[in-house]
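Please read them alongside the sequence and the coordinates.

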Amino acid sequence: TTEGLDIVLVIDTSGSMRALDFEINGERRSRLDVVKNVVGKFIHERKIDRLGLVIFGSEAYTMAPLTLDHDVLHFFLNNVEIGMAGEKTAVGDALATAVSRLKELDSKNRVAILLTDGENTAGRLSPEVALETAKQFKVKVYTIAMGTNGLVPVPDRGGFFSRSQVTVDTTLLKKIAQETGGKFFNAIDM
């Protein structure tokens, strides 16, 4: 027998995830496209872990509870779209939602993986309050900063492009990871 991890994947679907600051096979891709690609591979590799999926924008909600049925997770992941939870970024609410999925489990290995551009612009809970809740329930949070700071092409809903100033709050993401015993990663460096 083996003991797997309980992992909630927390995916930012806010409007800022439209930014095209990644390139895959010579083609500009959005932050969310890259997240879905990486998370899909991650799900495939985690055969014995229970995985769940939380998405967030202006609101945060559980898209898939913890499960060993990774096929259903792939189904839900394929249906994740930018703006489906609102255009803003509620990092605190998202982290609190993930912790609520993990806190009652009789598990030694409770993990949340937060994939976001990390600039909190909405929500009822601040990231700092959610961080304290994660620490209280011993949830390790691994944070992955998606994107770069600066001017990047961003499509609007009509398909037109403009160059917009975007920022990634790496300070917040580093703090969340460090204080919960997780690690911080920058997707640009991966």
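1. Strand 8 and strand 9 (residues 161-166) run antiparallel and are joined by 6 bridges. Strands count as paired if DSSP finds at least two bridges between them. Pro 153 has Arg 163 in strand 9 as its bridge partner. The hairpin of strand 8 and strand 9 has 5 residues between the strands, and Gly 159 takes a positive phi near 90° there. Helices (H or I, at least four residues) and strands (E, at least two) are DSSP runs, numbered from the N terminus.

2. Strand 8 (residues 150-155) is largely enclosed by the rest of the structure, because 5 of its 6 residues are buried. Buried means under 20% relative accessible area, exposed over 50%, and partly exposed in between, with a 1.4 Å probe and protein chains only.

3. On provenance: this is a predicted model, in which local features need pLDDT of at least 70 and side-chain atom pairs count only at pLDDT 80 or more, while totals for chains, interfaces and linings use all residues. Residues are numbered from 1 along each chain as its sequence is written, and side-chain values use heavy atoms, with hydrogens and water left out.

4. An open sheet of 6 strands has mixed pairing and the order 5-4-1-6-7-10. Strand 5 (60-67) and strand 10 (184-186) are the edge strands, each pairing on one side only. On average, neighbouring strands of this sheet are turned by 15° against each other, direction ignored. Strand 7 (residues 140-145) runs parallel to strand 10, with 3 bridges between them. Ala 145 stands opposite Asn 186 in strand 10.

5. Two helices that pack on this sheet deserve a look. Helix 3 touches strand 1 (6-12), strand 4, strand 5, strand 6 (110-116) and strand 7, and its direction makes about 25° with that of strand 5. Helix 5 (residues 170-180) touches strand 6, strand 7 and strand 10, at about 155° to the direction of strand 7. Contact means heavy atoms within 4.5 Å. Axes are lines fitted to C-alpha atoms, for helices over the stretch in contact, and angles run from 0 to 180 degrees between N-to-C directions.

6. Helix 3 (residues 91-102) has 12 residues and reaches 17 Å from its first C-alpha to its last, close to the 16 Å expected at 1.5 Å a residue. The expected span is 1.5 Å times one less than the number of residues. Helix 3 is mostly covered, with 10 of its 12 residues buried; among them are Val 91, Asp 93, Thr 97 and Leu 102.

7. How do helix 1 and helix 2 cross? The axes of helix 1 and helix 2 (residues 70-78) come within 10 Å and cross at roughly 175°. The two helices are therefore roughly antiparallel to each other, a label for angles over 145 degrees, whereas those under 35 count as roughly parallel, 65 to 115 as roughly perpendicular and the rest as oblique. Lys 36, Val 39, Gly 40, Ile 43 and His 44 in helix 1 meet His 70, Leu 73, His 74, Leu 77 and Asn 78 in helix 2. The buried residues of helix 1 include Val 39, Gly 40 and Ile 43.

8. Asp 49 lies in the loop between helix 1 (31-45) and strand 4 (50-56). Asp 49 counts as buried because its relative accessibility is 4%. Its side chain makes a polar contact with the side chain of Arg 46 (2.6 Å), and a polar atom of the Asp 49 side chain lies 2.6 Å from the backbone nitrogen of Leu 5. A polar contact is a pair of N or O atoms within 3.5 Å; within protein, one must be able to donate a hydrogen and the other to accept it, and residues adjacent in sequence count only if both atoms are side-chain atoms. Not counting residues up to four places away in sequence, Asp 49 touches Gly 4, Leu 5, Ile 7, Thr 67, Leu 68 and His 70.
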